[in-house]
Amino acid sequence: MTDRREFIKHSAIATAAVSVVPGILNACASPAEQVNVALIGCRSMGFSNLKSFLREENNVACVALCDVDSNVLDSRAAEVEKMTGTRPLTYNDFRQVLDNKDVQAVIIGAPDHWHAIMMMMALDAGKHVYVEKPMGHSIEECNAMVAAQAKHPELYCQVGMWQRSSKHWFEASEIVKSGLLGDVHLVKAWIYKGYDTPYPVMEDSAAPDYVDYDMWLGPAPKRPFNMNRFHYNFRWWWDYAGGAMTDWGVHLLDFALYAMDADMPESISPGGGIFYHEPGAIETPDIQQALYKYPKHTMIWECGLNPGIGPYQKGHGVAFVGQKGTLVVTRNGYEILPDHSNELKGPFFEAKAQKNYGDGLDEHVQNLLSCIRKGGTLNAPVEIGAKTAIVSEMGNMAYRVGQRINWNNASKTFNETAANDLMGLNYSKNWQLPKV
């Protein structure tokens, strides 16, 4: 791997390895039958997912929409009618969607604290599922969701980690695995959101009359309505989500783990805090680090809400730092940056840059539809969704405990009681995690 010919050889090996990744390049055959879908949670990424399902070549019909915000619900129903010529049924209670016998598959775009309950109830109702990431909001939820899928092997549940249907991420990972970079003992993953201004502090208020706030809260603790916790901003509150750590971490840590063939870390050390925001504006950190210790390498997570430039001048990415060079991969593509060899009096290998291939969400949806129609292998099944969500949760747990926490992989528990106390959630009295 010290000259151009060796580099080309190893690149060819890596490219060939990508071709065996299941379901990415030939995700969906010509549709033979219509699939009826319903969307639960219509405002943001859920509706983006639905639009991908409704691409003409997919032969999908949207038969129902569900949202607790009637303004969002009516607006999205009108958009679907404009796109398809048919107005879907509308509900504000997702259980009515699950009772609808015409619905074959549900897209879950609700906030994170709803994912587990909705997904498990959907499977019990005989529906295929596309559930947004992070798959679950706690270690307990993730384990329960894996068990629920195992209970229903005839049904498919795709997790919305759509980078698993994007070829260049696997190509980059196979280069790491090939040894081109030499020994890799340091992996970095990061997201810097680049928000111009911090979120303001907002007073509690009455919920708008067009919002079913009790249903929005669902299993979360009862609290007064606050617009700063609602819609997109739910991400920054522990009751409903895990901040940038879980919002982006499940995408980026996924390949930080995959390329290194890594499983659960031995320990997790925290860093960060709320530095840009006034007290009460948000709850999750606006600057955060998590250091994961593995037997032969360290994995570092970084995130920030207001800065926009991260390592290697990238707003997001994963970097694999080897003794002979570094590979940096983002959604835009990847770069291989050679280190200097004293013996060669030059670089260890030739630098390379590869743009993405324009694949991702549409292919992810097609992969699920293909499995529904004729069987096959999902690109992001619940086992993958659970693993990465749990590793992301561990970073938040270390931050909330305020110290390094140590994972016992044999017992699937932490050595620290305070960390174990965060493995599950305290649900409101009206909702409980379904039993498997």
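**From one bridge to the whole chain**

Guide: Ile 336 has Lys 352, in strand E16, as its bridge partner. This is a predicted model, in which local features need pLDDT of at least 70, side-chain atom pairs count only at pLDDT 80 or more, and totals for chains, interfaces and linings use all residues. Residues are numbered from 1 along each chain as its sequence is written, and side-chain values use heavy atoms, with hydrogens and water left out.

Visitor: How many bridges join E13 to E16, and in which sense do they run?

Guide: Strand E13 (residues 333-338) is joined to E16 by four bridges, and the two run antiparallel. Gly 333 also has its bridge partner in E16, namely Lys 355. Strands here are DSSP runs of E with at least two residues, helices are runs of H or I with at least four, and both are numbered from the N terminus. Two strands pair if DSSP finds at least two bridges between them.

Visitor: And E12 with E13?

Guide: E12 and E13 pair antiparallel over six bridges and form a hairpin with two residues between them. Gly 325 has Pro 338 of E13 as its bridge partner.

Visitor: What is the strand order of the open sheet?

Guide: The open sheet has ten strands in the order E16-E13-E12-E11-E7-E10-E9-E8-E17-E18, with mixed pairing. Strand E16 (352-355) and strand E18 (413-414) each have a single partner strand, so one side of each is left without a neighbour in the sheet.

Visitor: Which helix lies across E12?

Guide: Helix H7 (residues 167-178) does, running at about 165 degrees to E12. H7 also lies across strand E7 (184-192), strand E11 (316-322), E13 and E16. Axes are lines fitted to C-alpha atoms, for helices over the stretch in contact, and angles run from 0 to 180 degrees between N-to-C directions; contact means heavy atoms within 4.5 Å.

Visitor: Now the other end. What does E17 pair with?

Guide: Strand E8 (residues 267-273) pairs with E17 in the antiparallel sense over two bridges, and Ser 267 has Asn 406 in E17 as its bridge partner. E17 is also joined to E18 by two bridges, again antiparallel, with Asn 408 opposite Thr 413. E17 and E18 form a hairpin with four residues between them, and Lys 412 in the turn has a positive phi of about 60 degrees.

Visitor: Which residues of E17 are on the covered face, and which on the uncovered one?

Guide: In strand E17 (residues 405-408), Ile 405 and Trp 407 form the covered face, whereas Asn 406 and Asn 408 form the uncovered one. In a regular strand the side chains alternate between the two faces of the sheet.

Visitor: Changing topic: how many disulfides are there?

Guide: The structure holds zero disulfides, a disulfide being a pair of cysteine sulfur atoms within 2.5 Å. The sulfur of Cys 42 has its closest cysteine sulfur in Cys 66, at 7.0 Å, too far for a bond. Cys 62 is in no disulfide either, with the sulfur of Cys 42 nearest at 7.8 Å.

Visitor: Is Cys 42 buried or exposed?

Guide: Cys 42 is buried, at 0% relative accessibility, and Cys 62 also counts as buried, at 8%. Buried means under 20% relative accessible area, exposed over 50%, and partly exposed in between (1.4 Å probe, protein chains only).

Visitor: What about the chain as a whole?

Guide: Of its 436 residues, 57% count as buried. The secondary structure comes to 13 helices and 18 strands.
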